[in-house]
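Here is a short tour of a protein model, written for someone who likes to know the cut-offs behind each term. Have your viewer ready and follow along.

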Amino acid sequence: VKDLDMIAKLESGMKLEQNTFNIVKTASDVFDLLELKASKKNIAIGFQEPYDFPIPVKADQEKIEQVLINLLSNSIKYGKINGSTLVNIHTHSSHRIVIDVIDDGIGIDKTNLPRLFERFYRVDKSRSRVQGGSGLGLAIVKHIIEAHDQEVFVKSTLGKGSTFSFTLNKSI
Ligand code: ATP
Ligand code: MG
């Protein structure tokens, strides 16, 4: 219900806050939040490389935290035991960065990739029923990122893993 509420609000043009915040700190907070869930499958979550400096971005902080929660939750949910989820932040252009969420989980067949961000879309109906969830996580991610005039994309190989990436504006 909370998820549907979020979709409805985003579709009716919810107003975004314009915060300047350190995306390194936000991602670290999300790692802490999901640590217990990850440890149950012995999945390591963290940065691919350490960031000893802040990376300031301009966006709605709460909503970007939601994006990271949805993507990282999926990487754990569809991750393999003893696997890993790595986050990588890199420069996209003079005014943009890209955040990659890289997992070595079950992966997604390429026939399913085009519809992945549709609401209620789930790859394997029977498996998804076992996993639980409503199929709204990625639809919310897409709405939030597009409301920011940014981009989200996915690369995946069945059996090998997936990388979900999104862009954000740097704060200059
Ligand atoms: P909810 O997020 O609402 O709890 P959900 O996780 O099934 O449910 P989405 O987050 O929208 O829904 O994801 C849609 C589908 O995409 C999932 O059901 C799953 O099949 C697939 N998927 C998403 N992320 C990954 C991933 N990292 N690895 C493999 N499959 C994924
Ligand atoms: Mg999900």
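D149 sits in the loop between α5 and β6, where helices (H or I, at least four residues) and strands (E, at least two) are DSSP runs, numbered from the N terminus. D149 is exposed because its relative accessible area is 62%; buried means under 20% relative accessible area, exposed over 50% and partly exposed in between, with a 1.4 Å probe and protein chains only.

N82 is another non-glycine residue with a positive phi, near 65°. N82 lies in the loop between α3 and β4 (84–93) and is exposed, with a relative accessible area of 54%.

## How to read the numbers

This is a predicted model, in which local features need pLDDT of at least 70 and side-chain atom pairs count only at pLDDT 80 or more, while totals for chains, interfaces and linings use all residues. Residues are numbered from 1 along each chain as its sequence is written, chains are lettered from A and ligands numbered from 1 in the order in which they are written, and side-chain values use heavy atoms, with hydrogens and water left out.

## The largest pocket

The largest pocket has a volume of about 1,000 Å³. Its lining holds 38 residues, and N70, N74, L136, G137 and L138 are the ones nearest its centre. Two or more lining residues come from each of α1 (2–11), α3 (61–77), α4 (125–131), α5 (137–147) and β7 (161–170), and α3 gives the largest share, 10 residues. By class, the lining has 13 nonpolar, 12 polar and 13 charged residues; Ala, Val, Leu, Ile, Met, Phe, Trp, Tyr, Cys and Pro count as nonpolar, Asp, Glu, Lys and Arg as charged, and the others, Gly among them, as polar.

For the geometry, a 1 Å grid is laid over the protein atoms alone: a cavity is a set of points where a 1.4 Å probe fits but cannot get out, a pocket is an open set with protein on both sides within 12 Å along at least five of seven lines, and lining residues have an atom within 4 Å of a point. Grid points are joined across faces, edges and corners, and a volume is the space filled by probe spheres set on the points.

How many cavities of 30 Å³ or more does a search of the whole structure find? There is one, and the volume of the largest cavity is about 30 Å³. L71, N74, S75, V101, D103 and F164 line it. Here α3 supplies the largest share, three residues, and the lining divides into three nonpolar, two polar and one charged.

N74 belongs to helix α3 and counts as buried because its relative accessibility is 18%. Not counting residues up to four places away in sequence, N74 touches G79 and L138, where contact means heavy atoms within 4.5 Å.

Leaving aside neighbours within four places in sequence, I23 is in contact with I55, V57, I64, L68, I89, I97, I99 and L168.

In α5, the buried residues are L138, A139, I140, V141, I144 and I145. Among the elements that cover them are α1, α3, β6 (152–157) and β7.

## Aromatic pairs

The whole structure contains four aromatic pairs; rings of Phe, Tyr and Trp (its six-membered ring) pair if their centres lie within 6.5 Å, and planes under 30 degrees apart count as stacked, over 60 as edge-to-face and the rest as tilted. Y51 and F53 form an edge-to-face pair, at 6.1 Å centre to centre with 90° between the planes. Y51 is buried, at 16% relative accessibility, and F31, F47, Y51 and F53 form one aromatic cluster.

F117 and F164 also form an edge-to-face pair, at 6.2 Å centre to centre with 75° between the planes. This pair links distant parts of the chain, with F117 in the loop between β5 (96–103) and α4 and F164 in strand β7, 47 residues apart. Both F117 and F164 are buried.
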